[in-house]
Amino acid sequence: MTCRTRFAPSPTGFLHIGGARTALYCWLQARHTGGEFVLRIEDTDRERSTDEAVQAILDGMRWLGLDADEGPIYQTHRFDRYREVAEQLVAAGKAYYAYETREELDAMRAAAMEAGTKPRYNGHYRDLDAPLRDDPNRVIRFKNPQGGSVVFEDKVKGRIEWANAELDDLVLIRSDGFPTYNFAVVVDDLDMRITDVIRGDDHVNNTPRQINIYEALGAPVPHFAHLPMILGPDGAKLSKRHGAVGVMQYRADGFLPQALLNYLVRLGWSHGDQEIFSREEMIRLFDIADVNHSASRFDLDKLSWLNQHYFKHSDPAEVAPELEWHLRAQGIDPASGPAPADVVVALADRVKTLKDMAERAAVWYRPLADYDDKAVAKHLTAAARAPLEDMYRRLSALAEWSPAAVDAAVNATAEALSLGLGKIAQPLRVAMTGTQVSPSIDHTVYLAGRDEALRRIDAALARIPAEG
C-alpha cells in the first residue's frame, strides 16, 4: 500500500516549531517512501479557530516548501460525512444516542469523585437503545469495548498497551452537531487513506480510543508514530522565551527556510554525525523509525550557526529572494540598488541573519546622508585627497564594472602613489558607507554602482578640510 501521511494542525494559533517539525517528518516520510502527503486543517474548534491562524499555517508551509499532494482539506466542510458515519455506528449497535443534561453529567462526575473513582460517563444510555428524538442535549456516544486491552506498536515509542477499562464511552457527535476530535480524525484518516499517523506524543492517550473506532468500523488501523516533545535549552517546556514562536516569525527574524528545515530535521533524528543535510539528502535518508525516543532541546545558537552556513555555502541566487523580502520589509525597493545576490556574496561571512544583512545593505540602496564623525575625522583628512581623486579617475575609466576591476583600480592607485592599501581603502570605505566598517573594499565600491560611487567620492572630497 502506498504510504500516505498527513499534517493536521488546528488553526487556534500559528504554526510553531513543534508543529513545523511534525509537518516536516510527515512530509519526509511520504517523500522517502514515494508516498503522498496530505494537509488537513482541523478547524472544528469554533471559538478558537481563526482565519488568521489558517493563513499563518498555509504561509508557513509554503515558505518551508512542504508541498502537499492533497489539501488543504477543512474539517468544517465534512460535517455531513461525520454524521453519516456516526449514524452507521448507531445502526450497527456500536454507538448510541444519549440525552443527559449538563446538570446530570456534572452530578455524575461529582458522584464519581466523591467515591474516589475516575470521573467518567457511567453508561446510563448504553443499553437502553434510546430512539432518535429532538432534544437539545442529544449526543451520539461510542460503545467502547469494556474488556481487554488496546495494543499497538508505535514506530517511535515501541509497544503500548491500554486497558479498555480505562476508557469510557466517548462522545462522537456533540449536542451542537459538531464531531469530537477523536471521532473526526478517524473518519478523516480513513477517508483520506492515511497509512502512517505521525504526531506529537501529547496524542498518545487518544490513540487507544481511535483504534477502537477503527475496529468498530471494520477499517484497517494505520501505523502510529508519536514524536517526543521539544524542550527549551534549560530542559523546561518550550515557551516563547525559548523561541516557541510562529514559523513566520523566524522568517521575520532573518532565517532561511533551508536552515530552519535542516535544524528541525536534526531536532530528534540523526544520521551518524552528519549536521548539514540538503533537502534531497533528508528525503533519501530519513525514516520515522529512526527518530529518537527522548525529548530534544531547542538551541537558537545552533540555528544561527546553520543559518550562516547556508549564507556561505548556498548559491547566492537561492538566498537572494529571501534578502529581497527583508529589503522590502525595511521599505527598500530591491531594484533601487545592487543585485541582491551580489549583496549576499559580500555579506555572507559577516552576518548571521537576513535581517542583519538587509540592515547593512541599506547603505547601497539609499542615498548616503549620515557619516560617522569619528570616521570622517580619522580618514577624510588632507592626506586622503590624492588617493580619492586618483580612485575617481580610475573608476571613471574602467572598461567593466566588477569587484575584480575595482580591486585592480585600488591596487593601481596604491602603487602609483606608493601608499599602503589601507591608506586607499579606508578613505574610500568612509566615502562609500560613511563608516569605517564594511565588506572588502572591492565589493563595497562595486555594490554602490559606478555613478553612485563617483558621487560619493565627490561628496567625501567636499568634506576634506582645505589645505593651509
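Start by selecting Arg102, Leu105, Arg109, Arg141 and Val171: of the 24 residues that line the second largest pocket, these lie nearest its centre. A pocket here is an open set of points on a 1 Å grid over the protein atoms alone, where a 1.4 Å probe fits, with protein on both sides within 12 Å along at least five of seven lines; lining residues have an atom within 4 Å of a point. The model is a predicted one, in which local features need pLDDT of at least 70 and side-chain atom pairs count only at pLDDT 80 or more, while totals for chains, interfaces and linings use all residues. Residues are numbered from 1 along each chain as its sequence is written, and side-chain values use heavy atoms, with hydrogens and water left out.

Stay with this pocket. Its volume is about 560 Å³, a volume being the space filled by probe spheres set on the points, which are joined across faces, edges and corners. Colour α4 (102-114), β5 (139-142) and α5, each of which supplies at least two residues of the lining. α4 gives the most, with four residues. Helices (H or I, at least four residues) and strands (E, at least two) are DSSP runs, numbered from the N terminus. The lining has 10 nonpolar, five polar and nine charged residues. In this count Ala, Val, Leu, Ile, Met, Phe, Trp, Tyr, Cys and Pro are nonpolar, Asp, Glu, Lys and Arg are charged, and the others, Gly among them, are polar.

Next, show Arg141 with Tyr121. The charged end of Arg141 sits over the ring of Tyr121, 3.6 Å from its centre; the test is that NZ of Lys or CZ of Arg is within 6 Å of the ring centre and within 35 degrees of the ring normal. For another such case, select Arg463, which lies over the face of Tyr371 at 3.8 Å from the ring centre.

Now move to the largest pocket, with a volume of about 1,300 Å³. Select Ser10, His16, Gly19, Asp202 and His203, which lie nearest its centre among 45 lining residues. The largest share of the lining, five residues, comes from α1. By class, the lining divides into 18 nonpolar, 13 polar and 14 charged residues.

Then turn to the rings. The structure holds 10 aromatic pairs, counted when the centres of Phe, Tyr or Trp rings (the six-membered ring of Trp) lie within 6.5 Å; planes under 30 degrees apart are stacked, over 60 edge-to-face and the rest tilted. Phe79 and Phe178 have ring centres 4.6 Å apart and planes at 65 degrees, so this pair is edge-to-face. Phe79 is in helix α3 (residues 79-91) and Phe178 in the loop between β8 (171-173) and α5, 99 residues apart. Phe178 is buried at 10% relative accessibility, where buried means under 20% relative accessible area, exposed over 50% and partly exposed in between (1.4 Å probe, protein chains only). Phe79, at 23%, is partly exposed.

Select Tyr25, Trp269, Phe277 and Phe286, a cluster linked by ring pairs. Both Trp269 and Phe277 are buried.

Finish with the backbone. Most residues other than glycine have a negative phi, and most peptide bonds are trans. Gly71 and Pro72 are joined by a cis peptide bond, with omega about 10 degrees; Pro72 is in strand β3 (residues 70-74). Ser418, not a glycine, has a positive phi of about 55 degrees. Ser418 lies in the loop between α16 (403-417) and α17 (421-433) and is exposed, at 65% relative accessible area.
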